[in-house]
Structure formats: C-alpha cells, structure tokens
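Subject: Structure for your review

Dear colleague,

Please find below the structure that I promised to hand over to you. I would be grateful if you could look through it before reading the notes that follow.

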Amino acid sequence: YEQTNYYLGLCYFYEGNYTQAVNNFNLVANDDLYNRDVPYYIAQIYFAQRQWDQLINFVEPRIYDTRLRNRTELNQLLGQAYFENGDYEKALPYLEEYNDRSSKLREEELYQLGYAQYQTGEYRKAVQSLKPLTTANSPIGQNAMFYLADCYLKLGNKQSALTSLASAKRLNFDPEIQEEALFNHAKLAYELGQPQEAVRDLQIIPIRSQYYNEAQTLLGEIFLSYRDYRQALEILQDMRTTTNN
C-alpha cells in the first residue's frame, strides 16, 4: 500500500498532475519508509502552484527534522514562500540557511536574499548579497543596483551609492526604476560637488516625468549657485507648472 501510493505519487508528480500527486503523497507522508522524501515533493508542488500558505504550514513543522532529504532546498522553498507573502523577517533565516549551505546562488536567489536583508535593516549583509549582481545585465541587476544604492546611503557611503545609481540608470528594463535612479543620481551628484554630472542627468528627464518639476527647480538652483543666471532664468521660464517654491 505504502509503496504503491509513493510511486504512484511520483508518476503523477512527473506528469504534472499535482493535485493527485499530493493526495497520494499525503497518504505516506508519515510513513517511516517515505517521510524523509515526500516533504520535498509536496513542497515543490505547493511552490509550483504558488500556494505559499500551504507550503509554509506543511514544511515549517518538519524543517528541523535532520532525517529529511533535501533540507537545504526545503529551507529555500520555505524562505521563498515567506518572501512571496512579503514577510521578509521570517523569510530571512531560511534564505540565509540556504545561502550558507549552497556553493553558489543564482541571480534571483542572491536578489531575494539581499532584498530580504534590505527590508529588515540588515544593510551591511544586503550589500554583500547584492554586490555580485553589479554586472548583471537584467531586470534583477537593475533592481539590485537601485536597492544597493539605498543600502550604501543608509551606511553613509555616498560615493558607492552614486556608482550604484549610475548602474541602475543605465539599464532600461524597468523605466520607473531607471527614471527614479536618474533623478536620485543627479541629486546625489550635486550633493557630492559634481554639478556638471547632475546637470547632464537633469536635462534629460522628460517633461512627462513625475520628477520633471523637481528636476527643473534643482537645475535652477545649480545654475544660480554657479552664477549662471541666464541659463537659470531660461530653466525657470520653461517650467510648465508652478511649484510651491
């Protein structure tokens, strides 16, 4: 009976019939012969079906059982389930456990770990997790550089933040992230005494941008600071809407 249900569950699992696979696996989930193997298959099914709560409720009571096979991967699945639920504080220990036991993480795994660390205020750890994504030419890479910049700012490292924002603004996978990174790069460049760099950024912010008015105001401040009154006046006159300033 136990063997039949286990192997039938495997057949359903590999055929993609997850509902029936779970039914058969559950019949042997507590059997001494199969209780080391079955949890990993059931967890994968819940993950594939995006049933995060079911995954958490099933895996968490079992995760500390040292007899389980694929415990490293189960930590990852449990951490990802909490991550998808937006519970980064609970996700973090499982993601870090997976990281500690893995030789190398994929881009998305590094990003999840770094983002969970960022969301829980572990900025130094987040920097170490997100830094390897500096050269990633992908949406994950762009997002990683954006949040890496904020980590550096939280740690008082403005120059490294500027470098990370420069990477984020060069990538165009997410236009909103690119636009925000561009504006923040301009503000930070001005703050760090690089007005020419700031002006180059601010002048290419399009009029449709939510940052357009702020960008024009900042341009005017820069020109006034450096006694370029003519150009400052042109910028102020071209503003389409008035600001509180």
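Glu97 and Arg101 are both part of helix 6 (residues 88–101), where they sit 4 residues apart, about one turn of the helix. Please keep in mind that this is a predicted model.

These two residues form a salt bridge, with 2.4 Å between the closest N and O atoms. Glu97 is partly exposed, at 26% relative accessibility, while Arg101 is exposed, with a relative accessible area of 54%. In the whole model, the count comes to 12 salt bridges.

A further pair joins Arg106 to Glu109, and here the closest N and O atoms are 2.8 Å apart. Arg106 is partly exposed, with a relative accessible area of 43%. Glu109 has a relative accessible area of 6%, and because buried means under 20%, Glu109 counts as buried. Arg106 and Glu109 also belong to a network of salt bridges that includes Glu108.

Glu179 and Arg208 form another salt bridge, their closest N and O atoms being 3.4 Å apart. Glu179 lies in helix 11 (residues 175–191), whereas Arg208 is in the loop between helix 12 (195–203) and helix 13 (212–225), so this pair ties together parts that are 29 residues apart in sequence. Glu179 is buried, with a relative accessible area of 17%, but Arg208 is exposed, at 67% relative accessibility.

Helix 11 provides the largest share of the lining, with 5 residues. By class, the lining of the largest pocket consists of 5 nonpolar, 1 polar and 4 charged residues.

The second largest pocket has a volume of about 180 Å³. Among the residues that line it are Tyr118, Phe146, Asp150, Leu165 and Lys187. Helix 9 (139–154) and helix 11 each supply at least two residues of this lining, and helix 9 gives the most, with 5 residues. By class, the lining of the second largest pocket has 7 nonpolar, 1 polar and 3 charged residues.

With kind regards

Technical notes
Residues are numbered from 1 along each chain as its sequence is written. This is a predicted model: local features need pLDDT of at least 70, side-chain atom pairs count only at pLDDT 80 or more; totals for chains, interfaces and linings use all residues. Side-chain values use heavy atoms; hydrogens and water are left out. A salt bridge is a side-chain nitrogen of Lys or Arg within 4 Å of a carboxyl oxygen of Asp or Glu. Buried means under 20% relative accessible area, exposed over 50%, partly exposed in between (1.4 Å probe, protein chains only). Ala, Val, Leu, Ile, Met, Phe, Trp, Tyr, Cys and Pro count as nonpolar, Asp, Glu, Lys and Arg as charged, and the others, Gly among them, as polar. On a 1 Å grid over the protein atoms alone, a cavity is a set of points where a 1.4 Å probe fits but cannot get out, and a pocket is an open set with protein on both sides within 12 Å along at least five of seven lines; lining residues have an atom within 4 Å of a point. Grid points are joined across faces, edges and corners, and a volume is the space filled by probe spheres set on the points.
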